[in-house]
Amino acid sequence: MKTIYRIIRVIIPVMLIAFILICRYNPVWGEFYATTIYPPLSHCLSAISSLFSFPLNEVLIILFVITLFIIPILFRKKGWKGIIIREGEFLVWIYIWFYIGWGINYFREDIYTRLEKSPAPYNESQFREFLRDFTEEINLSYCSDIQIDRDNLGSSVNNYYRKIAPELFLTSPNSYQRAKNFIFSRFYSAIGVGGSMGPFCAEAQLNSDLLDIEYPFSYAHEFAHLTSVSNEAEANYYAYRFCVEANSKALNYCGYFGILPYVANNVYTLLGEEEYQRWREAIDDEIWSDYSESIEYWQERYSPIIGKVQRWIYNQFLKSNKISSGRKNYSEVIGLILSLEYNK
């Protein structure tokens, strides 16, 4: 019995951590995990979590925190040394669960490597071509009253990822996989989070406060993470493609609206303030009105203090997981569009 206990307590976690570290420093192993281990594992975890209408991931995080407070009570007779050892072991298993359950996807090969393409260097003429197309399409797709059928959107997103998964080396989703609304959406609104990936139970999670104009893009973005995508720019790219390729003017508008902030940032940075102002004038006023309303809507719910802390933590988290640009990775979706669609 002691031998079995020692294997469970020491040898197994050491082997799993060693596997995680190998994947971290060897993208080939990371790709092996993403295409071989993660698919059946995520389907299994999602099957379990699909039995619950709420995100099981949120409940587990609460239980993890409670357990950290209970351990000192349960092991008080072993003294502080024994308590620290038990809490350390518990945190190690949370670490292992996070990475084995989903987190190793951070270490897989990027989309350029998988598609055997090279990221295009900045080319002003190509960027201007993209900008002309974007400006024309977002104006044409404008809808004054967007009403999204949130209950049925999941099937469309699920079918979209099943279609693109083979050619992009993604995990093809099962029909029971759907995004769920946060239990504590008000808290996530306060820290400025519209959605997240639940790594412990393979759940895509969304903020129920999302506006209809934001919901489809956010849904498709978070669902991308469920299909083994860790890169935020790549998730944004698939969300954009899902919306603009849909047979729905409302969804098309949601797609262009979803990348509008990143386009605006690139125009200002790459072309300068004067051209930025001219470009702004080329976008219909109604679109900027929607954009302003969205900003005001979230500012009313945002808490600057905890929001800034969350942004800093998440920025450091991304950088520690080989996303060197941190939160700026989201805006790199424009580079993906230029490389995959405009690079001649």
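**Pocket lining, sheet, cysteines and aromatic pairs**

Helix α5 gives the most to the lining of the second largest pocket, with three residues. The model is predicted, so local features need pLDDT of at least 70 and side-chain atom pairs count only at pLDDT 80 or more, while totals for chains, interfaces and linings use all residues. Residues are numbered from 1 along each chain as its sequence is written, and side-chain values use heavy atoms, without hydrogens and water.

The second largest pocket holds about 440 Å³ of space. A pocket here is an open set of points on a 1 Å grid over the protein atoms alone where a 1.4 Å probe fits, with protein on both sides within 12 Å along at least five of seven lines; lining residues have an atom within 4 Å of a point. Grid points are joined across faces, edges and corners, and the volume is the space filled by probe spheres set on them. Of the 23 lining residues, Asp110, Asn231, Lys322, Ile323 and Asn329 are closest to the centre of this pocket. Both α5 (111-114) and α10 (232-245) supply at least two residues of the lining. Helices (H or I, at least four residues) and strands (E, at least two) are DSSP runs, numbered from the N terminus.

Three strands form an open, mixed sheet in the order β1-β3-β2. Strands pair if DSSP finds at least two bridges between them. β1 (180-181) and β2 (195-198) are at the edges, each with a single partner strand, so one side of each lacks a neighbour in the sheet. β1 pairs with β3 (residues 203-206) in the parallel sense over two bridges. Lysine 180 has glutamine 205 of β3 as its bridge partner.

The structure holds zero disulfides, defined as pairs of cysteine sulfur atoms within 2.5 Å. For cysteine 143, the nearest cysteine sulfur is that of cysteine 254, 7.8 Å away. The sulfur of cysteine 243 is 5.9 Å from its closest cysteine sulfur, in cysteine 254, too far for a bond. Cysteine 243 is buried, with a relative accessible area of 0%. Buried means under 20%, exposed over 50%, and partly exposed in between (1.4 Å probe, protein chains only).

The whole structure contains 39 aromatic pairs. Rings of Phe, Tyr and Trp (its six-membered ring) pair if their centres lie within 6.5 Å; planes under 30 degrees apart are stacked, over 60 edge-to-face, and the rest tilted. Tyrosine 106 and phenylalanine 317 are edge-to-face, at 5.6 Å centre to centre and 80 degrees between the planes. Tyrosine 106 is buried at 7% relative accessibility, whereas phenylalanine 317 is partly exposed at 26%.
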